[in-house]
Amino acid sequence: MSDSPDKRRWFLKVSDETVYGSVTTRTLIFWAEQGGIHPGYAVSLDREHWVEAGRVPELAMQWCVVAPDGQIYGPLNRVAAERFLAEKRFPEGSSLRARDSLGEEDFRLPEFPADWVYPSDAAVIGHDAFLAGWQELRVRNVELEAAKAALEAQVAELGATAARLDEAFSVERNRAAELQHAFQEQLERATLLDREHEERRRALQREHPAPKAVPTDMTALYTVLAQENRLLEEFAEQELKLIEDLRKLALARRQQYADRVQAIRRITGESPDEMTRRALRESRPAAASASRMDYQQLAREAQERETELLRRIQALETREVHLRRQLDQAQAHAGSTTELQERLQEMEQRLEQELVGRQHDRRDADHIQTRLLSRIEDLERRNAPGSRL
């Protein structure tokens, strides 16, 4: 099928030999869809060669309406036949059937309005544009209805959510009121406990006054503990450095011992057994015995030095563990001192806040008392004899 536009122009000849046109193919199809082309009408492209309109495939005039009495109306375009049935232009009970399923009976059309005018190309174009716009509006209306339904569902869901939120807010508000009441009770209880603690502290101070030699300033105590902590850390670092130096010295002594053993072996042989065998072979028992004794003496001295170094290393490691424990204890003590100082500062802040609140309450009470006294004096002046109201 070619995609080029249909540029054909048609003429329509009706039963009284009147010719309409020329019009486009779309306009001619529109006339057929509106029922304006009857059986027996002819169409032409040049007003010379005429063809029966029912035989033009573009007009699709292949449908008929069969009345209950057997009368056949048509052939018609299916759109026109369905519209005529809807407008009840045929007897009641009529049905739509294809022309190919019918015989060669006579066909006729219902009466068509006498004032029916064949619309022009421009009118058909306008009608098609109107139908396209109407279809687009119908689609848009369907989309809007769907969107409306979705929005209504969202509104209902939001309403349910708002109801749940209102209920949750009411529950939380009641819970907040309960918590506020409980907090007020705890605050009153804490105030009573602070008063009791202050009274007990004062009583203990009266019964057991602190000696002058004992510092009462926690900052000074914390400073002393911090200095002791630093001294312990420095001592521990010195001990660790000493341990490391002793380890290096032990390794150096061990290396010297190994070097001396190797030197003796190079002089006397690869091993003591070989040295003994060589001495026996050379018949020098005295020299071999002396060398063996020197070697054994050096080995004993090296073993004793190594044992002594290991013992000193173990002692230093034990000392390191002890110092680390003391350092941990000092740090824990410093931490507890810091915590105690923070608690004291927090208690002082709470007492200061309570004092400020009481001062505000005192000022409010003084203000109320002043107003009451002024009011009483005013009433007394009014009630005095001879006073004017």
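The structure is a predicted model. Its largest nonpolar core contains 17 residues, and a second, separate core contains eight. Nonpolar side chains also form a patch on the surface, made up of Phe130, Leu131, Trp134 and Leu137.

**Nonpolar cores**

- Within the largest core of 17 residues, the residues with the most contacts are Leu28, Trp31, Ile37, Val43, Ala53 and Leu59.
- Strand 1 (9-13) and helix 1 (25-33) each contribute at least two residues to this core.
- Helix 1 provides the largest share of this core, namely five residues.
- The second core is separate and has eight residues, among them Ala67, Tyr73, Leu76 and Phe84.

**Helix 2 and its surroundings**

- Helix 2 spans residues 78-86, and Ala80, Ala81 and Phe84 are buried in it.
- Viewed down the axis of helix 2, the buried residues fall within an arc of 100 degrees, so they line one face of the helix.

**Surface patch**

- Together, Phe130, Leu131, Trp134 and Leu137 have about 450 Å² of accessible area.
- Leu131, one of the patch residues, lies in helix 3, which covers residues 121-207.
- The relative accessible area of Leu131 is 38%, so this residue is classed as partly exposed.

Definitions and conventions
Residues are numbered from 1 along each chain as its sequence is written. This is a predicted model: local features need pLDDT of at least 70, side-chain atom pairs count only at pLDDT 80 or more; totals for chains, interfaces and linings use all residues. Side-chain values use heavy atoms; hydrogens and water are left out. A nonpolar core is a set of buried Ala, Val, Leu, Ile, Met, Phe, Trp, Tyr and Cys residues joined through side-chain atoms within 4.5 Å. Buried means under 20% relative accessible area, exposed over 50%, partly exposed in between (1.4 Å probe, protein chains only). Helices (H or I, at least four residues) and strands (E, at least two) are DSSP runs, numbered from the N terminus. Patches are made of residues with over 30% relative accessible area and no salt bridge: like charges are joined within 9 Å, nonpolar side chains (Val, Leu, Ile, Met, Phe, Trp, Tyr) within 5 Å. Accessible areas come from the Shrake-Rupley method with a 1.4 Å probe; for residues, only the protein chains shown count as cover. A salt bridge is a side-chain nitrogen of Lys or Arg within 4 Å of a carboxyl oxygen of Asp or Glu. The arc is that of the directions from the helix axis to the C-beta atoms.
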